[in-house]
Amino acid sequence: MTQKHVVFDVVGTCVSFDAFYNCINRVIGEKLLAQNITARSFGFSWMTAAELEFTFLSISERYKPYKEIITALFYRSLYMMGVENPRELVTDAERDQCVQGYSELEIRPGTKECFAKLRDAGFTVWCLTTGDTKRVRGYFERGGVDMPLENFISCDSQGVAKPALAAYRPAFAQFAPEDAKWFAAAHMWDVTAAVSIGFRGAYCTIYEKESCAEIFDAQLDVVEDSLPLMADSIVSASL
């Protein structure tokens with residue numbers, strides 16, 4: 001019997017970064033403003049720098065968990081943003097509080113409705129994440145969104161990071177050839193990588209706003225501005 005599946009990216013797609021930025025603002029916001037830096041701009045720059053190093057280590061076969069990397073990149077990121085002596089500005093304890101903020105991310109509004117629409121239409125919802133499963137499932141539990149542990153797939157267990165195609169293949173391979181297989185994300189790089197190995201792609205603009213589609217060589221079946229609308233379009237496109 002043909003089954004229908006949607007594999008979701010989690011952080012950035014189902015989960016917002018607002019709590020991370022708010023934590024940084026609460027812990028060191030005044031210190032940052034004295035350097036003409038906002039908590040949001042630092043949080044984005046720090047997180048992006050960590051993702052870059054995480055990816056570079058992964059593709060050079062020296063994989064490290066993301067939490068180790070974001071912790072290590074804290075002071076370097078401050079320096080790159082113009083803070084000449086970052087260790088004099090911020091303590092290790094404050095750094096660790098900011099890192100903890102990344103574990104306190106919150107589910108986006110519309111995620112619960114999105115999952116319900118898909119399940120009501122006969123889809124099984126999965127999550128493929130670069131993070132550790134316990135932390136990532138905690139986002140859903142705190143947000144009151146049902147997401148069974150057995151439906152999480154983590155790249156941590158494979159020692160490879162998205163968007164390396166090897167990160168997507170185990171998820172794709174566990175479904176039958178005749179099954180409907182979708183990948184949904186709010187990162188254009190993520191969903192287009194999944195499409196390249198055979199998934200149908202659904203992109204939500206809720207995080208990036210600008211898709212920059214001209215730099216990605218892939219055709220997407222669904223592009224919507226909210227998660228519930230994306231679910232509606234996946235259902236319609238699968239009829």
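I began with Phe115, which is buried at a relative accessible area of 1%. The model I am reading is predicted. Phe8 is buried as well, with a relative accessible area of 1%.

I then looked up how many aromatic pairs the structure holds, and the count is 19. For Phe8 and Phe115, I noted ring centres 5.0 Å apart and planes at 55°. I logged this pair as tilted, because planes under 30 degrees apart count as stacked and planes over 60 as edge-to-face.

Next I took Trp46 and Phe74. Their rings form an edge-to-face pair, with 5.0 Å from centre to centre and 75° between the planes. This pair also links distant parts of the chain: Trp46 belongs to helix α2, Phe74 to helix α4 (residues 74-80), and they are 28 residues apart. I checked burial and found both Trp46 and Phe74 buried. Both belong to one aromatic cluster, whose members include Phe17, Phe20, Tyr21, Phe42, Phe54 and Tyr207.

I moved on to the packing of helix α1 (residues 18-33) against helix α2 (residues 39-59). I recorded that their axes come within 8 Å and cross at roughly 115°. The crossing is right-handed. On the α1 side I listed Asp18, Phe20, Tyr21, Ile24, Asn25, Ile28 and Leu32; they meet Ala39, Arg40, Phe42, Gly43, Phe44, Trp46 and Met47 of α2. By class I have 10 nonpolar, two polar and two charged residues in this contact. Phe20, Tyr21, Phe42 and Trp46 from the contact are also among the members of the aromatic cluster.

Which residues of helix α11 (residues 227-237) are buried? I wrote down Leu227, Pro228, Met230, Ala231, Ser233 and Ile234. The elements covering them include β1 (4-8), α7 (111-120), β4 (123-129), β6 (180-185), β7 (200-204) and β8 (222-224). At the N-terminal end of α11 I found a cap: a side-chain oxygen of Ser226 lies 3.2 Å from the backbone nitrogen of Leu229.

Last, I looked up Ser103, placed in the loop between α6 (92-101) and β3 (106-107).

Notes: Residues are numbered from 1 along each chain as its sequence is written. This is a predicted model: local features need pLDDT of at least 70, side-chain atom pairs count only at pLDDT 80 or more; totals for chains, interfaces and linings use all residues. Side-chain values use heavy atoms; hydrogens and water are left out. Helices (H or I, at least four residues) and strands (E, at least two) are DSSP runs, numbered from the N terminus. Axes are lines fitted to C-alpha atoms, for helices over the stretch in contact, and angles run from 0 to 180 degrees between N-to-C directions. A crossing is left-handed if the near helix is turned anticlockwise from the far one by less than a right angle, and right-handed if clockwise. Contact means heavy atoms within 4.5 Å. Ala, Val, Leu, Ile, Met, Phe, Trp, Tyr, Cys and Pro count as nonpolar, Asp, Glu, Lys and Arg as charged, and the others, Gly among them, as polar. Buried means under 20% relative accessible area, exposed over 50%, partly exposed in between (1.4 Å probe, protein chains only). A polar contact is a pair of N or O atoms within 3.5 Å; within protein, one must be able to donate a hydrogen and the other to accept it, and residues adjacent in sequence count only if both atoms are side-chain atoms. Rings of Phe, Tyr and Trp (its six-membered ring) pair if their centres lie within 6.5 Å; planes under 30 degrees apart count as stacked, over 60 as edge-to-face and the rest as tilted.
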